[in-house]
Structures are given as structure tokens and as C-alpha cells.
Amino acid sequence: MFHKSVLITGAGSGIGKACALRMAKEGYNVVVADINMSTAAEVVKEITDDGNAAIAVFMDVTSETSVEVGFDTMMETYGSCDLVMSNAGIQIVHPFEEYPFEDWRKMMAIHADGAFLVARAAYRRMKASGKGGRIVFTGSVQSFVGSKLKEPYNFAKHGVAGLAKSIAREGAEHGIYTYTICPSFIKTPLVEKQIPEQAQSLGITEEEVVKNIMLRDTVDGEFTTVEDVANTLAFLANDQGALTGQSLRLTHGWAMM
Ligand SMILES: NC(=O)c1ccc[n+]([C@@H]2O[C@H](COP(=O)([O-])OP(=O)(O)OC[C@H]3O[C@@H](n4cnc5c(N)ncnc54)[C@H](O)[C@@H]3O)[C@@H](O)[C@H]2O)c1
């Protein structure tokens with residue numbers, strides 16, 4: 001019988017939700033970790049209505065205690081920690097010279113502290129189990145390029161790809177593999193919110209934000225989708241280390257290597 005378990009942060013919405021639904025179909029016990037317990041509970045209901053196993057766990061990725069308690073709950077419930085996706089994120093855009101330090105700190109707390117705390121909690125349990133595991137970060141095309149109004153986001157998303165590389169080196173002897181999935185724009189609540197905000201900050205229309213900023217550098221003018229990310233996660237869940245430390249670009253040709 002298949003007994004693997006996955007924990008996904010920010011799984012109450014968008015990319016994390018799609019990945020949670022997909023990994024449940026792949027046979028994983030799913031821990032839906034989020035600060036929003038009502039959306040997390042809806043995702044759990046969708047999974048369990050389908051006959052698969054899931055629990056919702058409150059997890060604020062900026063809090064060491066909250067992260068550790070969430071992982072303890074995973075171990076108590078399912079007894080293993082095989083796959084973890086550090087995915088929770090927010091976006092705050094401002095022109096650089098006006099960017100409030102308070103908002104920079106908020107971005108660092110979620111994207112940088114969060115990635116560290118979640119990956120470390122996963123690593124500890126994967127190493128202790130003697131079975132290893134896989135840690136996947138949600139990076140972004142912004143792990144490779146710069147974008148107006150997004151200095152903290154760019155900083156953190158570049159950093160996450162580096163964090164994955166270092167953990168890959170240290171984790172290899174314990175069978176712990178790491179990856180960064182780097183999508184271009186996907187229409188989730190995080191992006192829907194940015195369209196009017198960017199239009200206002202840059203003095204252009206919402207249509208221009210989508211066409212001339214979000215999709216301009218793709219080869220086909222297409223958004224990436226949450227299913228693209230879920231497919232990639234399912235694929236990486238079976239990697240035997242050949243891809244460890246790598247960043248995978250799901251960008252419709254934007255920032256291709
Ligand atoms: N949507 C895109 O175009 C896109 C592209 C590349 C990368 N990303 C990244 O993908 C990840 C998910 O984004 P999304 O588009 O699905 O966003 P979303 O807004 O749909 O979902 C984000 C989830 O994170 C949760 N969250 C926020 N703060 C949290 C915290 N402190 N602790 C735990 N959970 C918290 C929210 O409650 C929400 O459920 C983010 O890291 C984002 O930067 C998004």
C-alpha cells in the first residue's frame with residue numbers, strides 16, 4: 001500500500017491548492033497548510049469527498065513555532081514526511097523609492113524566513129526518518145529576471161533558488177533532494193490583485209499590464225497554469241536525484257536558458 005505524505009504551504013488557494021488536489025490523486029496523504037483555515041478546510045473537503053486522505057493544518061510560515069507544530073501534526077497523523085512544497089507567498093508592489101521598509105520586512109518574513117523554516121522543518125524529519133525526501137520551493141521567473149515595483153519579491157525569489165542548491169548539496173547523503181519550480185505569471189488571486197495595482201502605479205491600463213508586462217516576454221503570449229505546476233510537482237516527486245538542486249522554468253519561453 002502507498003503511504004507517502006506531502007505537506008504544502010499556502011495550499012488553501014491558487015498553485016498550492018492545485019498541487020494538493022493533484023498529489024491526493026497521486027495517492028499521497030495531504031497536509032493542507034495555510035493561515036487561512038476556511039479555504040484550507042474547503043480543499044480538504046474536496047480531497048476527502050473524492051475518497052483520499054487530507055488534513056488542514058494552521059501554519060503561519062513566518063513563525064518558527066507554528067511551522068514546527070504543523071510538521072509535528074503531520075508526523076503524528078501520517079507518520080512520514082516524504083514531500084514538502086514551500087509555496088506560501090504574497091506580493092506587495094510599490095515604486096522602489098517609495099517601498100516601505102515595513103512591507104520589505106513582510107515580504108522577507110513570508111518568502112525568506114518562510115522558505116527557511118519550512119525547508120528546515122522538512123529536512124529534520126526527512127533526515128531522522130532515514131528515508132530522505134523531496135523539498136520543492138515555488139520560485140518564479142522572478143528568480144532569474146528583474147521586474148519593476150518588485151524588488152523584495154525578486155530578491156527573495158532569487159534567494160530561494162540558492163537555498164535549494166545549498167540544501168541539495170548537504171541533503172544528498174541523506175537522500176534529500178530539492179527543486180525550485182519557477183513559473184511565469186499564472187492567474188491566481190495573487191496575480192489578479194496585482195493587475196489593477198500595477199496599472200495604477202505605472203499609469204497604464206489593466207490590458208496593458210497583462211499584454212505589455214506580464215506576457216510580453218513569453219514566446220506565445222500565454223499564461224502558465226496551476227496545472228502546469230502540479231504536473232511538474234508530480235513529476236519531481238518521482239525524481240531519483242538526477243534533478244536535485246535544479247530550477248525548472250515554466251515560463252512559456254521567458255528567461256529560457
Ligand atoms: N501566481 C503567479 O503568477 C505566480 C508565479 C510565480 C510564482 N508564484 C508563487 O507561487 C506561490 C503561491 O502563489 P499563488 O499565486 O498561488 O497565490 P495565492 O494568493 O492564490 O495563494 C497563496 C496562499 O498562501 C497563503 N499564505 C499567505 N501568507 C501565509 C503565511 N504567512 N503562512 C502560510 N500561508 C500563507 C494564503 O492564505 C494563500 O492561501 C507564491 O510563493 C508566489 O510567489 C506565483
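So, strand S2, residues 29-34: six of its six residues are buried, so the strand is largely enclosed by the rest of the structure. By buried I mean 20 or more other C-beta atoms within 10 Å of a residue's own, with C-beta atoms placed from the backbone. Strands here are DSSP E runs of at least two residues, helices are H or I runs of at least four, and both are numbered from the N terminus.

Before I go on, this is a predicted model, where local features need pLDDT of at least 70, side-chain atom pairs count only at pLDDT 80 or more, and totals for chains, interfaces and linings use all residues. Residues are numbered from 1 along each chain as its sequence is written.

Back to S2. Asn29, Val31 and Ala33 point one way, while Val30, Val32 and Asp34 point the other.

Who are its neighbours? On one side, S2 pairs with strand S3, residues 54-58, in the parallel sense over five bridges; pairing takes at least two DSSP bridges between the strands. Ala33 has Val57 in S3 as its bridge partner. The chain gets from S2 to S3 through helix H2, residues 37-49, in a right-handed β-α-β crossover. Right-handed means that, with the strands pointing away from you, the path from the first strand over the helix to the second runs clockwise.

S2 also pairs with S1, again parallel and over five bridges. Here Val6 sits opposite Val30, and Ile8 sits opposite Val32. From S1 the chain passes through H1 to S2, and that crossover is right-handed.

Now S1 itself, residues 5-9: five of the five are buried, so this strand is largely enclosed too. Ser5, Leu7 and Thr9 face one way, with Val6 and Ile8 facing the other. S1 also runs parallel to strand S4, residues 83-86, joined by three bridges, and Ile8 stands opposite Met85 there.

Okay, the core. Which residues have the most contacts inside the largest nonpolar core? They're Cys19, Ala20, Val30, Val32 and Leu233, in a core of 72 residues. A core here is a set of buried Ala, Val, Leu, Ile, Met, Phe, Trp, Tyr and Cys residues joined through C-beta atoms within 7 Å. Helix H4, residues 101-129, gives the largest share, ten residues.

Take Val30: leaving out residues up to four places away in sequence, its contacts include Val6, Ala20, Met23 and Ile47. Contact means C-beta atoms, placed from the backbone, within 7 Å.

Note on methods
Buried ≥ 20, exposed ≤ 12 C-beta atoms within 10 Å, placed from the backbone. Contact = placed C-beta atoms within 7 Å.
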